[in-house]
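Open the model in your viewer and keep the selection tool at hand. The tour goes stop by stop: select, look, move on.

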Amino acid sequence: RTSTLAAPSHVDKVHAMSDSDDMPSLEDDGGEVQPAARTAGVRKVAHADTSRPERIECEDDTSDSDNEEDWQEMEEAISGKTICLFCDNVLPSVQLAFAHMIDAHGFDCVAFVCRFNLDQIGYIKLVNYIRQKRPSPEILFTEENVKWESSDYVKPVINDDALLMFDVEELTKIEEQPDHDQRTLYNEATYDELREIIVKQREVMQRMLQAVQAVSKNDNGIIKTVGDMRPEEDEGYFNSYAHFDIHHEMLTDRIRTESYRDAIMKNSNLLNGKRVLDLGCGTAILSMFCAKTGAMVTGVDMSDVIYQAMDIVKENELENTIKLCKGRLEDLDFEHKFDFIISEWMGYFLLFEGMLDSVLYARDKHLANGGLLLPSRCTLHLVGMEDMDTYEKIISFWNDVYGFKMSCMQKEVVKEASTDIVKQQHIITSAVQIADFDLMKITPNDTEFTSKFSLTVKRDGKLTGFVGYFDTYFDMPSPVFFSTGPQAKPTHWKQTIFYLPSPYIIKKGECVEGTICVRRKRKEIRSLDVGISFADQKLKYLVE
């Protein structure tokens with residue numbers, strides 16, 4: 001896996017797609033897309049549910065069947081999620097969970113069921129026994145007697161456990177062979193016969209796994225990240241940072257810049273004498289803050305702005321403390337690891353641009369034991385809005401343009417939901433946290449997730465869209481926090497607005513419940529595909 005570094009860009013538009021449209025094309029391969037399994041670094045919020053999420057479906061569109069298949073792949077990927085019996089990994093289907101248990105834990109569930117000749121009830125008891133008692137695969141292999149016979153194990157340990165819904169009797173049927181006694185049972189089968197059955201089952205599981213990997217993973221079986229892109233593929237992204245207006249916009253964002261400054265300066269005793277890596281250093285403002293604490297700083301950026309940063313560092317007489325390097329992180333060698341890695345990587349809707357991939361790559365390769373990422377945690381939130389004036393100007397405008405109807409443009413405008421500042425007075429529901437990322441633990445896979453949400457309506461009105469924003473935490477002895485939400489002072493990130501195709505009438509006290517699914521686009525992996533399902537509406541959005 002490789003990584004590409006630059007300061008985050010915040011200039012691209014956010015697009016939304018209504019349920020009559022197609023999701024953007026993914027890879028040419030028509031296989032399923034596997035959502036990432038959550039790791040310990042993603043905290044489940046109070047409303048989260050490990051049960052099967054509501055399916056997000058869409059209308060048939062014969063004009064572009066390939067794109068429709070892409071969206072169906074996304075639907076299938078978020079249904080039937082299955083938690084492994086021996087770890088916290090979540091797989092998109094029972095079959096893939098079986099394959100994972102074989103590969104990761106050496107436990108062949110099908111062979112185990114065959115060994116004890118379990119029927120469906122016996123299989124259900126086995127699953128609940130393992131979930132409740134947590135025996136290791138090694139202990140299970142040594143079992144001579146059934147320890148899950150008690151009726152207590154009929155009761156599910158996990159609500160809507162996908163493994164319990166699986167018809168194991170169908171999977172373990174032996175195909176009739178003319179030279180075999182039809183009365184042969186699994187517990188009477190020879191070792192070779194049983195092995196042949198297991199091999200066939202594994203082959204089926206492996207084909208399913210390969211179909212998933214064909215779309216969602218690269219040749220090494222790792223989900224594709226921005227580091228997998230060739231430099232020429234990402235040239236436009238880096239060139240955008242050669243324009244100084246972007247840096248002016250970020251530097252004049254006082255909430256952003258002063259939060260980083262305060263996190264550094266209020267904890268200066270921690271950084272003093274330590275080694276700091278500044279990823280996507282831009283004009284080197286964060287490098288210079290760190291240098292003022294007595295830290296030894298290395299700044300890295302792929303953009304040509306690095307040359308101005310070198311002049312800035314020299315102008316402030318910090319060239320002996322700060323070393324700046326132009327290039328991709330994976331192409332650079334360092335003589336040591338770093339005690340702190342600092343980066344302003346956040347994009348619109350937090351995950352847009354995919355620069356978090358680069359931070360996590362640097363963490364895994366260049367962070368010293370006991371080191372810390374700054375920031376160390378981010379949360380993603382959703383809230384409902386009512387702003388009929390803006391909705392009329394942007395969406396309804398196309399119903400009558402100088403006496404002409406332009407309804408086709410209205411449809412396109414909904415796709416291009418703008419990133420804008422939403423005033424607190426336009427917020428009509430409570431807010432909900434849809435993701436919590438512990439940056440010291442997560443992997444790039446965790447940037448793809450599904451979350452249920454429930455928003456309580458504060459007053460009667462019309463819901464015109466959903467608003468996404470993020471909060472950022474520097475968990476240090478002197479902690480620092482800032483929010484990009486409508487309730488806080490505006491930042492250059494503003495908020496991400498997912499407009500509805502038409503306003504939705506809501507009443508005070510009712511709950512707007514739904515599901516949001518976020519994944520990265522397969523070909524334009526700095527961009528996001530977002531699906532929102534609520535009130536019988538299935539909406540598809542693009543963040544690009």
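**Stop 1**

Select glutamate 258 and arginine 254. They form a salt bridge, and their closest N and O atoms are 2.5 Å apart. The term means a side-chain nitrogen of Lys or Arg within 4 Å of a carboxyl oxygen of Asp or Glu. By this rule there are eleven salt bridges.

Before going further, note that this is a predicted model: local features need pLDDT of at least 70, side-chain atom pairs count only at pLDDT 80 or more, and totals for chains, interfaces and linings use all residues. Residues are numbered from 1 along each chain as its sequence is written, and side-chain values use heavy atoms, with hydrogens and water left out.

Now show helix 10, residues 254-265. Glutamate 258 and arginine 254 sit four residues apart in this helix, so about one helical turn separates them. Helices here are DSSP runs of H or I with at least four residues; strands are runs of E with at least two; both are numbered from the N terminus.

Color by accessibility next. Buried means under 20% relative accessible area, exposed means over 50%, and partly exposed lies in between (1.4 Å probe, protein chains only). Glutamate 258 is partly exposed at 25%. Arginine 254 is exposed at 54%.

**Stop 2: a buried pair**

Glutamate 344 lies in the loop between strand 7 (338-343) and helix 14 (356-366), while arginine 256 is in helix 10, so the pair ties together parts 88 residues apart in sequence. Are these two residues buried or exposed? Both arginine 256 and glutamate 344 are buried.

**Stop 3: a strand and a loop**

Select lysine 326 and aspartate 304. This salt bridge has its closest N and O atoms 3.6 Å apart. Lysine 326 belongs to strand 6 (residues 322-326), and aspartate 304 to the loop between strand 5 (296-301) and helix 13 (305-315), so the link joins parts 22 residues apart in sequence. Lysine 326 is partly exposed, at 31%. Aspartate 304 is partly exposed too, at 41%.

**Stop 4**

Select helix 9, residues 244-251. Which of its residues are buried? They are Ile246, His247 and Met250.

Finally, show helix 10 and helix 13 together. The buried residues of helix 9 pack against both (contact: heavy atoms within 4.5 Å).
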